[in-house]
Structures are given as structure tokens and as C-alpha cells.
Amino acid sequence: MAMNNSPPTGVSSTSTSLGPNMDSLGFQAMDSNIPVMPDYLTFTDFGIRTYFDMFKKMEDTFKFCVECKKLPDALPDSKNLRRCKRCQNVYYCSPECQRANWPVHKKFCKKLKLVALDRLVEWLIFTGRKFGFALHAPEDWCWEDWFAMQEHLDEKLGAVLTGRYMTILWANAGKPKPEEGELLESIKRLISDFQSRPITIGLGLHAFSIDPYAKPITVHVAGASHIETFNTRVIDYDELTQIFPGHQGIEVVMVGVDVVDGSIMRPPLTAFGPRGRVYLSSYKGLYHDFWESQVETQQAARPDLVVGFHPGFHACQDLMEGWLPTLLLLRDYKIPTLFTMYNEQELKSSLKILMELETNITGCGANPFASLKPEQVYSCPNKPLVYCSSHYIMFHGLSTNEALHCS
Ligand SMILES: [Zn+2]
Ligand SMILES: [Zn+2]
């Protein structure tokens, strides 16, 4: 496999100076279902030198009593913080708090175990990622088929399992190494998390009958955030080329105020994209400003499809006000649009808003290529877990008042 086999030059190989602002991230994550960024991504800010320190720092983020919310500082001896032995994820200040929390925690403990494992294995994927897994234009779209279609999958996964980074991980993680089968499942969940976005774009193109073989395609990701743009490489949406091999050129432009500076921070294309390749670019700003300053002036191509991963306009008035000009623009210019949500409840609330705006809903339901990686609500782990892009809504222009039944 194409894993980077060169030895690490130290922790700096996993860190970067391009990290998003921690304060705003932590705050955001506490107030919503938006998953918190893995802590190790901001290591340069902390001057961490060893893997052991890195994993400890990563875990420290989760060290607070889930029951009474006490932080380690508030305890006479921070060693008194106990970890749930089953999930290795949540902490308690005392046996009393653990007992009091159990009736709620027991409902989530099993899934939280997966979350705790995935955030360790995620480091591994970030460190040596380049999977080159591909989806070859299937008729039946589901993860099982997708994994079945990956060439030499067992070999590739085996290489990760026995690789040097796996050894480093468990020598420093401060947690017992899980069984091989559990690790394999974790790696697969992380691959699904990573590939979910390009494949969902592929589903959108497919659903709107937008044909990348007929002409070059431009896709805008509106409201792109740190989740979509942090550490993103120019090849990260190449899966689209596996879905549509030999296409006329697909451009994906990340647009959002929270777009993180990095290798994809380059201007969008003004002319036809490179045939058979995916071109990734980004623009830091609100989508409707981008439209006015770039699309209207023809400095960026008009989109064939606009996708929003977890826009969250249903969540609060502020977000809705930010999104409203964009929603109206997409509706009035009749741009095929696909939004994803973290769960069915978000789907329902978002649907209600889009219907009130009289958009023509063309489809909605569960996304067959939702991420398989469970996300905990950072500060309140004992809540139902969510999955990135678990549901989707598509709309196209103004409503013609036809009733639509969602699956
Ligand atoms: Zn407590
Ligand atoms: Zn537990």
C-alpha cells in the first residue's frame, strides 16, 4: 500500500502550524453536535516533544468528571480521577459520581468505547494516510460493497495493523491495546469517515443526473469548516475520479469563513478543469460574498452542484441568519443543492426550514455513505452519538408545491 513508510522525524511530523483556533473550536464543540477536533492537531502550540506527551495531552481533553463536571484542577489529587474501565473514555472524580452516572452512562458506554478507540487510531491514519481506496461506479451504493471493491484491502489493513506507528501508538497511549478485530473495525470506520465526503458529492452528482463525462463539473462546498479543510491535501477528493473514471474534470471549491489555510488554499478555476482529475481549491469567506465577488465576476465558475456538510442552520437564529442569503441565492439561481445532517432530528428541523423557504425538495433520507465513525458530544458524552453526513436533503429551485415523501 502507499502508506508513508519513512520513519517519523518526531512528533512534528503529525503537527502543523495551520491549526484552527482552539478556543473557538472547543466552544463550538461544547455548544453543538459539532465534533471536537483531535487535540494532537494543534501540538505545536503546546511544545510537546514525545509521543507519550502527545497521547497524554490528547487524553487530558477528556479528563473531567462526567457527572459533576469537575476538572482535575479542582481535585486534591488529580490521580483521583477514575476512568470507566469498560469504555476507556469517560472520567469520574469519585466512586459516588461514577455510581450516580451509571444509569445514564450504561446506555452509551459501548459506543463510547468505539469513539475512544477511533480517536487514537485516527492519529495513525493522519500520520501515514494515503489509502488510495476507491469506489468504482457501483450500482448498489453501500459501505460493504465499497470495502469489498477495494483491491488488496486485507493486505493494506494488515500493513497498518503491523506497522511501526501502531506500535508507537499503543506504547504511548496509556490504554490497553484492543484485539486485532476491534482495531480493524476502527480503521475501517476512519476510512469511511474520510471517504464519506467525496462519495457523498458523487451521490449528489448522480442524484441530480449531473454528468461529469459530458462536461467539466464544478462543485462548491458551502460553509466548509475546519472539519472539511484542516490538513486537507489536494488529492483528498480523488475518490471522485474512481467513481467517474475518465471524467472531463471535477473541481471542488471549499467556501466558508472557517476554511483553514493549507495546500488547498488556491484560487478556484476560471476555465475548464484538468480532464480526468479532481482540482481542489478554497475561498475563506461567506458563500454569498464568494458568489458576489468571485462567481458574478467570473473569477470562479458557476457551480453545477452545491454541497453543505452539516450547515446547522436549524440549530440557532445566528446560524440561520448567516445562511439565509445563501439559501435564497441557491434557490433563486436554481442550483442543485445537497445538505447533510448529523441525525434524523436535524434532518427534520432542516427540512422544515427549507420548506418554509419554499425550496423544491427533490430528495432526502439516510445517506448510504454516512461516516461509520461515531462522534460523541464532547462535553456531554452520555448523549446519543452522531455520525457525519448520516442524513441528506436535496433541493432544486422554487417549490412547485408537490408533496414529497422522504425515505
Ligand atoms: Zn464528580
Ligand atoms: Zn464507560
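Select Val252 and Leu280: in strand S5, Leu280 is the bridge partner of Val252. Strands here are DSSP runs of E with at least two residues, numbered from the N terminus. The model is predicted, so local features need pLDDT of at least 70 and side-chain atom pairs count only at pLDDT 80 or more, while totals for chains, interfaces and linings use all residues. Residues are numbered from 1 along each chain as its sequence is written, and chains are lettered from A and ligands numbered from 1 in the order in which they are written.

Now colour S4 by side. Ile250, Val252, Met254 and Gly256 point one way, and Glu251, Val253 and Val255 the other way; all are buried (20 or more other C-beta atoms within 10 Å of the residue's own, with C-beta atoms placed from the backbone).

Return to Val252 and show its contacts (C-beta atoms, placed from the backbone, within 7 Å). Leaving out residues up to four places away in sequence, Val252 touches Ile201, Val219, Val221, Tyr237, Val278 and Leu280.

Of its 60 residues, Val219, Val221, Val252, Val255, Val307 and Ile393 touch the most other members. Strand S4 (residues 250-256) contributes the largest share, five residues. Apart from this core lies another, of 33 residues, including Met54, Cys84, Leu114 and Leu124.

Notes
Core = buried A, V, L, I, M, F, W, Y, C linked by C-beta atoms within 7 Å. Buried ≥ 20, exposed ≤ 12 C-beta atoms within 10 Å, placed from the backbone. Helix = DSSP H or I, 4+ residues; strand = E, 2+ residues; numbered from the N terminus. Contact = placed C-beta atoms within 7 Å. Pairing = 2+ DSSP bridges.
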